[in-house]
Amino acid sequence: MHLSVRPPDVDRLRSVAAAVAAADPDPVPSDARFVEERRVVGRGAAALAAGTSVLQEWAMHEHAGVRTDGSALAPGATVGIGARTFGVWMLFACRVTDVDDGVDRRFGFTYATLPGHPERGRETFTLQHRDDD
């Protein structure tokens, strides 16, 4: 993990990602907790399309105050991430491992932590246009 007192720009985040691009994702710890949360974020095909754009552009991270290098969502892509905590930016990277490309009215992706990330494991973001909405 790299630390910075200044907000990282895209080039800095890409250099952090490049430094660990050849690394294997961290294994999921044997004592990992699995948490699933579901939220209604809209209804209908228009909401799915809008949500898909949010995921593809990493906007859910940006709205949470986390910066990314904007890497395309594709299996194998390495994304540089910057998160501010206690006035210091932590810079690290994750690898996109899976992308759910919208078949069956769904869109989402999973990414895994890489060496230097302050956490270990995987996170999945999925949107689904259900039959009852």
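Leaving aside residues up to four places away in sequence, S71 touches W58, T78 and V79, where contact means heavy atoms within 4.5 Å. The model is predicted, so local features need pLDDT of at least 70 and side-chain atom pairs count only at pLDDT 80 or more, whereas totals for chains, interfaces and linings use all residues. Residues are numbered from 1 along each chain as its sequence is written, and side-chain values use heavy atoms, with hydrogens and water left out.

S71 is located in the loop between β2 (67–68) and β3 (78–85); helices (H or I, at least four residues) and strands (E, at least two) are DSSP runs, numbered from the N terminus. With a relative accessibility of 15%, S71 counts as buried (buried means under 20% relative accessible area, exposed over 50%, partly exposed in between, with a 1.4 Å probe and protein chains only). The side chains of S71 and D69 are joined by a polar contact of 2.6 Å. A polar contact is a pair of N or O atoms within 3.5 Å; within protein, one must be able to donate a hydrogen and the other to accept it, and residues adjacent in sequence count only if both atoms are side-chain atoms. A polar atom of the S71 side chain also lies 3.2 Å from the backbone oxygen of T78.

W58, one of the residues touched by S71, is placed in the loop between α2 and α3. Its phi is positive, about 60°, although W58 is not a glycine. Most residues other than glycine have a negative phi. A positive phi, near 50°, is also found in F86, a residue of the loop between β3 and β4. F86 counts as exposed, at 85% relative accessibility, while W58 is buried, with a relative accessible area of 0%.

Rings of Phe, Tyr and Trp (its six-membered ring) pair if their centres lie within 6.5 Å; planes under 30 degrees apart count as stacked, over 60 as edge-to-face and the rest as tilted. By this rule the count is 5 aromatic pairs. The ring centres of W58 and F109 are 5.1 Å apart and the planes stand at 65°, so this pair is edge-to-face. It links distant parts of the chain, as W58 in the loop between α2 and α3 and F109 in strand β5 are 51 residues apart. F109 is buried, with a relative accessible area of 1%. The rings of F109 and Y111 are also edge-to-face, because their centres are 5.8 Å apart and their planes lie at 70°. Y111 counts as buried at 7% relative accessibility. One aromatic cluster is formed by W58, F109, Y111 and F125.

F125 is also among the residues nearest the centre of the largest pocket, together with E37, E123, T124 and T126. This pocket has a lining of 47 residues. At least two lining residues come from each of α2 (44–56), α3 (59–62), β4 (88–100), β5 (106–113) and β6 (122–128). β6 supplies the largest share, 7 residues.

Terms used. 1 Å grid on protein atoms, 1.4 Å probe; cavity = no way out; pocket = protein on both sides within 12 Å on 5 of 7 lines; lining within 4 Å.
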